[in-house]
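This report concerns the pairing of charged side chains in one protein model. Please consult the sequence and structure shown here before reading on.

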Amino acid sequence: MGFEPVLMNDFKRQWTEIASDCLDAVNNVGASGWYVLGSQVSSFETDLAVQSNVKFSVGCANGLDAIEIALRALGLQAGDKVLTTPLSAFATTLAILRAGGVPVFCDVDAHGHLDLDEAEAILGQHKDIRYMVPVHLFGHPLDLTRLEKLRDLYDLKIVEDAAQAVGASFGGRPIGSVGQAATLSFYPTKNLGALGDAGALLTNDEHLSAQFRTLRDYGQSAKYVHSQLGMNSRLDELHAAILKRAMLPRLSAWIERRREIAARYIAGIQSTAMTVILPPAGAQSVWHLFGLRVVDGNRDLLAAHLHKSGIQSGVHYPHLIPHQEAMKTSAKMQVEGRMQNAADFAAQELSLPIHPYLSDVEVDRVIETVNNWRGQ
Ligand SMILES: *Cc1c(COP(=O)(O)O)cnc(C)c1O
């Protein structure tokens, strides 16, 4: 009443801040007369690698392609098994399937991450699993120390799906430093969003970065020389220019604001009907999403209660990937165990707005509305 709605993402507020930098970027690209894979892309890649604390970054068309490119560059062959999580954007699994892999699903832990204890048990039993795609869900990085131990113990090729976690680190180590590759999405809602679709790969391995460049561009290793059957997953100069000039320089401040909002929610939310989904100890989360688990009551009723007060919310994710129709009818997969934690997450999770353009007054309004919920 009398309030503006509180949105999950507020692109109009963002535009008032970034408009002039975006228009400058468009002007520069237009005046250059070069639109695909040029100096804007390479200069964005350089900045992204520096800011991400990795040696190489390669732009591509989206986060889905980035995962497929990474798996193919790591030598995945048709039928190879890939350990992954049932609780993620469908794209995580779709990329594995498109690369020819067979997803092996295991349960998640209290943070919503692929459970590394279960993963270890599965890897011990199934020595034919050599690939893994964990997801830094909600912007919370997985425990990289434990991931590294698993990598070394089982000689794993790991692609960290960091679509939600650009800028995150664990114990001071950046994402992408344990996996041979990490993948990013610049879908507009992500912490670093483009004005459309875009993505990137991160790696410390120079040979792999060259493979990524070849695969994103029809498998060309030199002009008109096709060493592999690649894809068209090039990054536009326009998107690279906008990301470099308007978005990347603001990323640290945006992450800082997300962390402030998360801290305010954590201090303010008092309801015994729910728990906050926290990052693992030692993680420097970038809080892409602020997730609750409604443990007493119905998550959908809390969403409706918020909606009545003009507050948007989201569910990440309502259906487990292996239960999706497309999987049942057309995909080879392996499901390990009952995935009970993942099923509970899917039934209980609700995400509150945490975009960086929220005011403290709005965050407090969300907190008050959540605390006032009486279960109906
Ligand atoms: C958004 C997302 C993707 C896919 O990225 P697109 O750029 O939309 O293709 C993959 N994995 C996760 C975890 C995501 O959140």
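## Salt bridges in the predicted model

Across the whole structure, a search finds 25 salt bridges, a salt bridge being a side-chain nitrogen of Lys or Arg within 4 Å of a carboxyl oxygen of Asp or Glu. The model is predicted: local features need pLDDT of at least 70, side-chain atom pairs count only at pLDDT 80 or more, and totals for chains, interfaces and linings use all residues. Residues are numbered from 1 along each chain as its sequence is written, and side-chain values use heavy atoms, with hydrogens and water left out.

Side chains of opposite charge can pair when their charged atoms come close.

| Asp10 | Arg13 | 3.0 Å |

Accessibility is described as buried (under 20% relative accessible area), exposed (over 50%) or partly exposed (in between), using a 1.4 Å probe and protein chains only. Glu45 is buried at 5%, whereas Arg213 is partly exposed at 32%. Asp10 is buried, with a relative accessible area of 10%. In the remaining tabulated pair, Arg299 is buried at 9% and Asp300 is partly exposed at 47%.
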